[in-house]
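The structure is shown below.

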Amino acid sequence: MGSMDNTAKRLLERLVRRIPSQMLKTTLDKWSRLTSTQRQSIDYTESKWALTEKLLAICEENELTVKHIAELEMIHVIENPNLGMWYAFQLMDPQDDAHSVELTQFKEQFKSHLRELIRHVSIKIKKHTDEAVWIRIAWGDTFSRPNHLKPTYVVHYLQTPYVFLTSLTSKQKPLLSQALVLSTRYQAIKDANLSGRKLTAIRDLLMKQYLQVFPTKFPSPLAERNRVVSNLHIEKEQAGSAANRHQMACEAFGDGILPQLQSAVYKLETKFRDHTNKTMTERDETFRCVVKFASTNLLESLRHSASSGVASTPVTPLLSSVPLKGKNYFVITDNGPGPSSQMKPSQK
């Protein structure tokens with residue numbers, strides 16, 4: 001009988017704790033490491049402790065290693081992509097053959113390039129149903145084995161310049177960047193200044209996979225109702241104004257269901273401007289502050305504020321830049337006409 005090492009046990013225990021009991025069965029069914037008899041012998045109504053003990057015994061019996069348990073974790077993360085903090089990156093300057101890179105070639109190239117850069121590393125690559133390539137990386141270094149308890153997840157859509165990742169340290173970032181650039185046949189990679197807890201939301205925003213509304217010269221036809229003649233003009237004006245606000249709000253933020261972002265951050269590095277406060281205005285130093293908008297669904301909240309008249313329309317470019325540029329981190333400086341956003345690595 002094989003013996004699971006301590007990391008494999010800890011990883012399995014953590015997974016059983018994390019996955020709700022009602023989801024555990026489907027997750028284990030997708031994992032090909034247990035026999036149907038073993039799967040049927042598991043009682044999902046038992047406590048998490050009892051479930052863990054049962055699974056540990058089965059895994060020991062099947063002589064499973066940490067790499068097998070990592071497969072189970074990967075199934076859970078792919079099925080639940082809205083856990084943890086995701087950061088978006090964009091590949092730059094494609095080479096002539098970038099559009100023809102297919103999965104097998106990418107897998108071989110990525111593994112080979114990353115292993116050239118770091119001696120101890122464990123890489124698992126899996127293609128998901130929606131064309132996304134999922135990569136799980138457990139990092140080691142020159143002297144230590146890969147740490148499977150702190151993996152990095154990378155999601156890349158082949159034939160697009162977009163990469164999304166979670167749990168990456170500043171030490172690992174240049175290694176991953178180099179391996180990605182070489183295996184996708186691009187020449188550089190940059191921070192897209194977009195992050196959030198929902199991978200699906202930042203992906204949809206960056207790839208413009210939501211209902212966009214384009215400016216129109218003609219207001220939407222409003223249904224005429226039986227009105228008192230004396231109030232007709234006022235009501236028409238109010239209805240026209242409300243329709244106009246709604247149109248401008250949808251042009252700025254989109255229509256229908258919007259990508260669910262949690263925040264937008266604006267870092268100000270500008271001169272202080274207020275004629276009533278000479279002391280601050282006359283200072284030579286740059287005025288620095290951070291403004292953060294937060295909501296369970298930021299774009300929906302902003303659209304509602306503009307549509308209902310709480311926020312003024314037309315919408316300020318500072319806010320409409322979130323969906324327009326696909327970013328939610330901006331640095332505002334005095335360079336050039338009006339506010340501008342500059343490249344700045346995400347703060348992690």
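## The pair Arg-283 and Glu-285

Arg-283 has a relative accessible area of 39% and is therefore partly exposed, where buried means under 20% relative accessible area, exposed over 50%, and partly exposed in between (1.4 Å probe, protein chains only). Its side chain meets that of Glu-285 in a salt bridge, at 3.1 Å from N to O. Glu-285 is also partly exposed, at 47% relative accessibility.

## Basis of the values

The model is predicted: local features need pLDDT of at least 70 and side-chain atom pairs count only at pLDDT 80 or more, while totals for chains, interfaces and linings use all residues. Residues are numbered from 1 along each chain as its sequence is written, and side-chain values use heavy atoms, with hydrogens and water left out.

## Salt bridges between helices

The structure holds 12 salt bridges, each defined as a side-chain nitrogen of Lys or Arg within 4 Å of a carboxyl oxygen of Asp or Glu. One of them joins Glu-73 to Arg-14, with the closest N and O atoms 3.7 Å apart. Because Glu-73 lies in helix α5 (residues 66-79) and Arg-14 in helix α1 (residues 6-18), this pair ties together parts that are 59 residues apart in sequence. Helices are DSSP runs (H or I, at least four residues), numbered from the N terminus. Glu-73 is buried at 2% relative accessibility, whereas Arg-14 is partly exposed at 22%. Arg-14, Glu-73 and Arg-136 are linked in a network of salt bridges.

Asp-29 and Arg-39 form a salt bridge through their side chains (3.1 Å, N to O). Asp-29 lies in helix α2 (residues 21-30) and Arg-39 in helix α3 (residues 36-40), so the pair connects parts 10 residues apart in sequence.

Conventions. Helices (H or I, at least four residues) and strands (E, at least two) are DSSP runs, numbered from the N terminus.
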